[in-house]
Structure formats: structure tokens, C-alpha cells
Amino acid sequence: MVNVKGGTFVPLYGSDSIPVKVKTFLMDVYPVTNAEYLAFVNKYPKWRKSAVKKLFADENYLKKWDGDLSIGPNAAKIQNSPVINVSWFSAKAYCECQGKRLATVEEWEYAALASETKANAANDEKFYQRSIEWYSKPNPTYLPPVQEGFRNYYGLHGMIGMVWEWTQNFNSAMVVGESRADVTMDRQLFCGSGSDGAKDVKNYVAFMRYAFRSSLKANYTVANLGFRCAKSI
Amino acid sequence: MKYLLPLSILLGLTLSSCSETNPTDALAAHQNTEATIVTELSDMSLYNLESEWQNENNETIKLVQLNGKVQLVAMMYTNCTYACPRIVADLKRIEAKLENYKNGEVGIVLVTMDPENDTPAKLQQFATDNNLDPERWTLLTSSELNIQELAVLLNMKYKNGGNGEIAHSNIITVLNAGGEIIHQQEGLGKDPDETVKTIDGLLQNI
């Protein structure tokens, strides 16, 4: 794990442009790989494909694996690639079993602001353009090994350009239901800071992440959605 | 009787979410030795959650102890001034239409989203202030992570603004006796008829 030095940033969604404080925390250098996840299910049988409860992972859980303890025919090629088709519950359990936890949305977004050289590259046109390009590319047939993801300022690899990642409070984005339909608040459904809205609309990549998260349910497993763990200090 | 779980089994379950066995495996292991019939939880039962909760009497319970009756579940916090009184009002409107049913057939569960503030004592006070029948209503708190885990299963979105207010969706969930989500009523001040009909339907099957 590497140290992500705390600081403040203004998240895409928040109350009144108030910068959010992120405490210094530890984060995994890479997303969790197929090989690492295999070791996990080996030890914890209830997270095997055939044993997992539908409440905790839908029918596409570990879709590309061809058995409880087999990554499949392309194991050699993808064992060091990010594990995908995992649910929030399974990702959370994995991290807890390592004595870690999932990163919060705020921690994840804060760490993802970093380019190779800057902790906050929000205003770096080139960095931003590259992120947009990744999000517009279709998924490759085989995800690359995690080591190939670009290394950012903190020493984290592949925060952008590898897979989408689960966060602990993915359900906190204030976008109701079908994210493409209603990005505004419905006063009927919410109270409190009901006027939360998008802050930095030019940050389209972050907007996509928030929209994607709010479309997820905790037992969903998606083909390009993986995770990495974090830890408080 | 179908869903009755002996307390000894419930107390025996001390598994965290990082455990090597299934909770139902533990149930099965006890099944032969216990006289009471134990029904295995279905795959989609919320009672598969192993987290521990405190009720308004400061007793520690597991969600599986809510089994055996239809439960209406909603999330709120006691400092909430706008939506939460209304969601309690909505639940009371539903409750008023259930007067033919005994408390042993339908329960109502309020889960706080603000565990820092809502201690069991606060929840008890809230229940008293709102004239909530203790035989019918259960108020629960737990750690933030456990609450979050239940919230995602109830399709609740919420966010603590850090200014004493929590932005949240308003959903009333109907669970059957086995803890599966059967119906959800979304929004405030909704006509309770559909929810009541769902409960009627469930209770005719018990």
C-alpha cells in the first residue's frame, strides 16, 4: 500500500462548493487481480461462484471464471489482470479479510485527481483529455496486467485507464434511480441537502463515475468493474 | 412457527462478514439437534446479513430475529425535520389500515442513518414522543458500516452533509416473513393502498 497524503478538494457533488477534507490514508498500489481473488475464494468458500448468495452477488459473478477455483482457459493471460464481475459485497468482504476496507468515494476521487507528476491535475488539459479518451474506448478482450496501468503521483497504478472500481459509499451520490433520466433532485424523495448538484461540469470523467456508481446496486457484477482496498491510518 | 429460530442458534452466530462459513451452514449444523423447525433463509433474504444491531431497549439483536412476521422497514434519523416525520406519518397511515392484524403478524422497523447521534436512548425517546406502540415498532441502530450495508440492500441512497442534515431517499420496504423484499413504496405522502394490499396478500399466505 502507499500513503495518500490528505488534503481538501471540491468533489463533483457536494454542498455549496465546500471543499471536502480527506484524511491521509493508505491505498493498494494496484487493483485486486484474478490470482489474488482466487486465493481469497480458496480460503473463504462462501465467496465461491457456486456458493455465493444472490443477495450478495448476481448471476454474472466471476462470469469469466470456469469454476469455483479456476480463472479459466486464459488464466495465464489474465491472472495478473484486475478481477472483474465482482459485487460490492464481495469486494468489501475481500478487503475486510485483509484487515482493510474499500475506499470512500471521496478518498477514491481525491486519489484519482493525481497525474504522474501532480497530486491534483484537475486543471491539466492533457491529463484530462487522456482520461476522457480511456473512458471512450471499448473494453479490451483481455484486461492488461495491473502493473501496466500508469503510476500516479502517489504511486498508485491504474486509477484511470484500467477498470472502474467499487467504493465503500457508492450509494451516496445524490442521483436518483436511473442516472441518465434524472440528474436533478426530486424533493419528494430527498430531504436534507436536497439541492446537491454537479459542481464542476467540465469534469465529465468524474461525472461519468458518479453517474455510473449511482446506477449500481450492491449485488451487481459488471464486466469492467473491479476494486482495490484502502486503510485508515 | 415456520420461521421460528431458536435463540440459542442466534446467539451462537458470531460470524463477521469475513468468515469462512455461511450462516446457513451454521444453522444446518444445529438443525439435527434442535427440536424447533429451522427454515433455511432464502438466497435473497436480508436476514443473511450477520451484523449486530441495538434496539431502542439497548438490546443487541441480529436482523434474523425479525423473522416470522411481515416487516415494514424504513430509514430515518431523529434530528430530521423535513422528511422523517413524514415517513413516520406514512408508516402510521399504513399501520392504521392493518388494525385487523395482530402485532405478531406485522412489525414496523425504523433504522437510523445517524448512529453517532441516535443512541438507543434517543431512539426510545423518539418512540415515546411519536406514540409508537412498542409491540409493533422496533427502532435500530448499529455501526455506520452495518447501516450502510443494509441501506444498499434497501436501495437507499443517503449522504451525510456534515451539517447535521442527511440527504436521503424515502423508501418504505415490505419484507415477507423470511426477510425477502416484496414491495417498495418510494416517496412521501404516497397512497398506502398498494403497500397495504401487498401486506394483505402476504398474510393470507402465512
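A residue counts as exposed when its relative accessible area is over 50%, and as buried when that area is under 20%. These terms are used in the legends below, which describe a predicted model.

**Figure 1. B:Asn131 is a residue other than glycine with a positive phi.** The phi of B:Asn131 is near 50 degrees. This residue belongs to the loop that runs between helix H4 (120-129) and strand E5 (137-141) of chain B. With a relative accessible area of 65%, B:Asn131 is exposed, because the cut-off for that term is over 50%.

**Figure 2. A:Asn85 has a positive phi and is not a glycine.** For A:Asn85 the angle is about 55 degrees. The loop that holds A:Asn85 lies between helix H2 (75-78) and helix H3 (88-97) of chain A. The relative accessibility of A:Asn85 is 4%, so this residue counts as buried.

**Figure 3. Chain A contains 6 helices and 10 strands.** Chain A has 233 residues, and 56% of them count as buried. Its accessible surface is about 10,200 Å², with 52% of that area belonging to carbon and sulfur atoms. Taking the contacts in chain A between residues at least 6 apart in sequence, 75% join residues at least 24 apart.

**Figure 4. Four strands of chain A form an open sheet in the order E1-E5-E10-E6.** The pairing in this sheet is antiparallel. Strand E1 (2-4) and strand E6 (101-102) of chain A are at the edges, and each has a single partner strand, so one side of each has no neighbour in the sheet. In general, the strands of a sheet pair through backbone hydrogen bonds, in either a parallel or an antiparallel way.

**Figure 5. Strand E5 (residues 25-27) of chain A pairs with E1(A) and with strand E10 (residues 229-232) of chain A.** E1(A) and E5(A) are antiparallel and are joined over 3 bridges. Within E5(A), A:Leu26 is the residue opposite A:Asn3. The pairing of E5(A) with E10(A) is also antiparallel and has 3 bridges. A:Phe25 has A:Ser232 of E10(A) as its bridge partner.

**Figure 6. E6(A) and E10(A) run antiparallel.** The two strands are joined by 2 bridges. Opposite A:Arg101 stands A:Ala230, a residue of E10(A).

**Figure 7. Helix H4 (residues 105-112) of chain A lies across part of the sheet.**

Figure 8. The buried residues of H3(B) are B:Ala83, B:Cys84, B:Ile87, B:Val88, B:Asp90, B:Leu91, B:Ile94 and B:Glu95. H3(B) has 14 residues and spans 20 Å from its first C-alpha to its last, close to the 20 Å expected at 1.5 Å a residue.

**Figure 9. B:Ala177 lies in a loop of chain B.** This loop is between strand E8 (171-175) and strand E9 (181-186) of chain B. B:Ala177 has a relative accessibility of 6% and so counts as buried. Along the chain, B:Ala177 and B:Glu105 are 72 residues apart, while their C-alpha atoms are separated by 8.7 Å.

Key: Residues numbered from 1 in each chain as written. Chains lettered and ligands numbered in written order. Predicted model: local features only at pLDDT ≥ 70, side-chain atom pairs only at ≥ 80, totals over all residues. Heavy atoms only, no water. Expected span 1.5 Å × (residues − 1). Buried < 20%, exposed > 50% of the residue type's maximum accessible area, 1.4 Å probe, protein only. Contact = heavy atoms within 4.5 Å. Areas by Shrake-Rupley, 256 points an atom, 1.4 Å probe, with all protein chains shown as cover. Pairing = 2+ DSSP bridges. Axes fitted to C-alpha atoms, helices over the stretch in contact; angles between N-to-C directions.
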